[in-house]
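I opened my notebook and went through this structure one stop at a time. Here is what I jotted down.

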Amino acid sequence: MISTILSKIRHPLVANSFYLYLAHLADYLLALLILPFIARVLGPEELGYVGLAQTFGIFILLIMEFGFPLMATREVAREKNNPEKIKVLIGQIFSFKLFLIPVILILSTIVILMVPVFHEKPYYLFIVVIGSIFQGMVPTWYFQGIEKLSTVAFSKTIFRFLGFSLIFLFVRSNQDGWIVLLAYMISSICICLYLFKYMVNIIGPFH
């Protein structure tokens, strides 16, 4: 009976489901755990600035993903034994995402000009936008397609923890909201670069 249970736990579906939950844990639950510290140090006004900027960041992330996770995961799973076709797919996806970046920057500039709350602190929005762009570039869909979500889960856990550590170390006053946003941005950049490099190591360099 024990061997049956262990074999089910080791099943790729169960294991990858666990790692997917772990990845979401790093993205959301850890952020909730650190929220009381941020709220106490920043105060309500500065926390409002940070929250508003992060909300816009979520909107940018939705634009960057643009339905790719479902489509790309399916295509990678279908062609995972054909590296050349996967390279073509990855090239197409990243090319389109790069095309979206100027559009996002223009949209962000318009928001800064039109929303009074960002007139004094426009850099809050740009920090969040850069972080969201890199987060939108994270090839989670590739690792879902090849059923190797452990890499995503561990990288997100490590680099999100790094970001939260920076917050604990450097956020000391109600003027440090930008540090909170910068820590999130740094962790998103690290996750993106690490997973992209790992993906290239698996499929080989692009020609």
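**Before starting.** I reminded myself that this is a predicted model.

**Entry: two helices side by side.** I wanted to know how helix α4 and helix α8 lie against each other. Two packed helices are described by the angle between their axes and the distance between the axes. For α4 (residues 83-114) and α8 (residues 177-203), I found an angle of about 155° and axes 10 Å apart. Angles over 145 degrees count as roughly antiparallel, so α4 and α8 are roughly antiparallel to each other. I also noted that α4 passes α8 in a left-handed crossing.

**Entry: salt bridges.** How many salt bridges does the structure hold? I got four.

I looked up K121 and E46 to begin with. Their closest N and O atoms are 2.7 Å apart, and the pair forms a salt bridge. K121 sits in the loop between α4 and α5 (122-137) while E46 belongs to helix α2, so this pair ties together parts that are 75 residues apart in sequence. Is K121 buried or exposed? I wrote down buried, since its relative accessible area is 12% and the cut-off for buried is under 20%. E46 counts as buried too, at 4% relative accessibility.

Next I checked K87 and E84, another salt bridge, with 3.7 Å between the closest N and O atoms. These two are three residues apart in helix α4, so about one helical turn separates them. K87 is buried at 9% relative accessible area, whereas E84 is partly exposed at 46%.

Then came R74 and E75, whose side chains meet in a salt bridge at 3.3 Å, N to O. R74 is partly exposed, with a relative accessible area of 45%.

**Entry: a nonpolar patch.** Which residues form a nonpolar patch on the surface? My list reads L25, L29, L32, L33 and L35, with about 460 Å² of accessible area together. I picked out L33, which is in helix α2 (residues 12-65). L33 is exposed because its relative accessible area is 61%, and exposed means over 50%.

Entry: I stopped at E147, which has a positive phi of about 60° although it is not a glycine. I located E147 in the loop between α6 (140-145) and α7 (149-170). At 44% relative accessibility, I put E147 down as partly exposed.

How values were computed
Residues are numbered from 1 along each chain as its sequence is written. This is a predicted model: local features need pLDDT of at least 70, side-chain atom pairs count only at pLDDT 80 or more; totals for chains, interfaces and linings use all residues. Side-chain values use heavy atoms; hydrogens and water are left out. Patches are made of residues with over 30% relative accessible area and no salt bridge: like charges are joined within 9 Å, nonpolar side chains (Val, Leu, Ile, Met, Phe, Trp, Tyr) within 5 Å. Accessible areas come from the Shrake-Rupley method with a 1.4 Å probe; for residues, only the protein chains shown count as cover. Helices (H or I, at least four residues) and strands (E, at least two) are DSSP runs, numbered from the N terminus. Buried means under 20% relative accessible area, exposed over 50%, partly exposed in between (1.4 Å probe, protein chains only). Axes are lines fitted to C-alpha atoms, for helices over the stretch in contact, and angles run from 0 to 180 degrees between N-to-C directions. Angles under 35 degrees count as roughly parallel, over 145 as roughly antiparallel, 65 to 115 as roughly perpendicular and the rest as oblique. A crossing is left-handed if the near helix is turned anticlockwise from the far one by less than a right angle, and right-handed if clockwise.
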